[in-house]
Amino acid sequence: MGVSTFPPVPAAAPAPLLRIAAIEAVYQSAIVALHGVSLEVRPGEIHALLGANGAGKSTTLKAVSHLLPAERGQVRSGAIHFDGQDVAALGPAALVRRGLVPVLEGRRCFAHLTVEENLVTGGIGRGARRREIAAGLERVYAAFPRLAERRRSPAGLTSGGEQQMTAIGRALMAAPRLLVLDEPSMGLAPLVVQDIFRQLRRLNQEQGLSILVAEQNSTVALQYADRATVLDAGRSVLHGTAQALRQREDIQHFYFGQGVAEEAPELAAA
Ligand code: ATP
């Protein structure tokens with residue numbers, strides 16, 4: 001088992017779609033939330049970001065989407081590149097136009113708008129034309145048939161699972177290449193969580209959509225992910241294939257803040 005800060009990239013591997021290199025992030029110039037997080041998302045993979053409450057998952061995803069300044073946070077050192085471009089040089093809207101589309105924690109639907117109106121806002125955000133929006137809606141309804149049934153309902157009156165699907169659908173309307181998802185399982189029944197992850201897997205397999213998904217629910221995330229990174233107290237402490245991580249009995253220790261590795265051991269030729 002090699003020890004490295006980054007997963008080693010085999011010579012033949014394609015360039016990563018997203019590369020996070022040793023970032024440190026702070027809030028209000030004082031609260032250090034990330035002390036050194038590194039990971040790579042390869043084109044076409046589902047990459048799970050795992051860790052306990054407060055480990056730094058949301059902060060990492062906000063750093064990736066350039067949303068920390070809105071919370072008086074910043075990346076103080078290290079670098080993030082999406083498709084070879086320095087994220088620090090691009091605003092959140094420019095990142096969405098380039099295909100990096102976040103779905104942040106809490107689902108954040110517009111409660112008074114219908115499900116369909118919520119979806120349409122995702123297309124408008126990238127300046128899509130009427131015909132593109134219609135095609136986008138068709139794709140979203142094909143992925144989440146439940147949303148087609150609920151299209152005329154105010155989003156605020158739909159179930160938690162339907163709101164999560166609406167939030168994901170709205171992101172899909174922006175034609176993402178990398179979907180950045182924060183805790184899609186939060187507050188949802190196990191069957192609904194399975195349904196959402198199954199649809200994400202299908203989008204990944206059928207359309208080549210790359211996904212970076214933060215989850216406390218390691219069991220479900222490792223069931224669907226290709227590879228994963230574990231965060232503990234603001235550091236990336238483990239990288240590996242989902243298969244290798246599933247076999248680690250000590251993985252649950254990370255969710256209780258125990259068993260912190262000094263560096264990021266490789267679990268497999270990830
Ligand atoms: P959770 O699942 O609870 O969201 P997480 O792994 O996503 O956990 P973060 O939300 O990224 O963790 O939090 C990492 C650290 O940064 C925590 O110590 C948290 O208190 C702190 N933090 C997060 N947001 C802010 C903020 N807006 N201002 C100050 N500190 C923050």
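This is a predicted model: local features need pLDDT of at least 70, side-chain atom pairs count only at pLDDT 80 or more; totals for chains, interfaces and linings use all residues.
Residues are numbered from 1 along each chain as its sequence is written, and side-chain values use heavy atoms, with hydrogens and water left out.

Helices first. Helices here are DSSP runs of H or I with at least four residues, strands are runs of E with at least two, and numbering starts at the N terminus. Axes are lines fitted to C-alpha atoms, for helices over the stretch in contact, and angles run from 0 to 180 degrees between N-to-C directions.

Helix α6, residues 160–172, packs against helix α7, residues 190–207, at about 15°, with the axes 10 Å apart. The two are therefore roughly parallel. For α3, residues 115–124, and α4, residues 130–143, the angle is about 125° and the axes are 10 Å apart. That pair is therefore oblique.

Now the ligand. Its shell holds 16 residues, the closest being Asn53, Gly54, Lys57, Ser58 and Thr59; a residue belongs if one of its heavy atoms lies within 4 Å. Strand β2 (31–41) and helix α1 (57–64) each supply at least two of the shell residues, and α1 gives the most, with 3.

Polar contacts are pairs of N or O atoms within 3.5 Å. A ligand oxygen is 2.8 Å from a side-chain N or O atom of Lys57. Another such distance, 2.9 Å, runs from a ligand oxygen to a polar backbone atom of Gly56. For Gln216, a side-chain N or O atom is 3.2 Å from a ligand oxygen. The protein covers 69% of the 630 Å² of accessible area that the ligand has on its own, by the Shrake-Rupley method with a 1.4 Å probe.

Methods:
A polar contact is a pair of N or O atoms within 3.5 Å; within protein, one must be able to donate a hydrogen and the other to accept it, and residues adjacent in sequence count only if both atoms are side-chain atoms. Angles under 35 degrees count as roughly parallel, over 145 as roughly antiparallel, 65 to 115 as roughly perpendicular and the rest as oblique.
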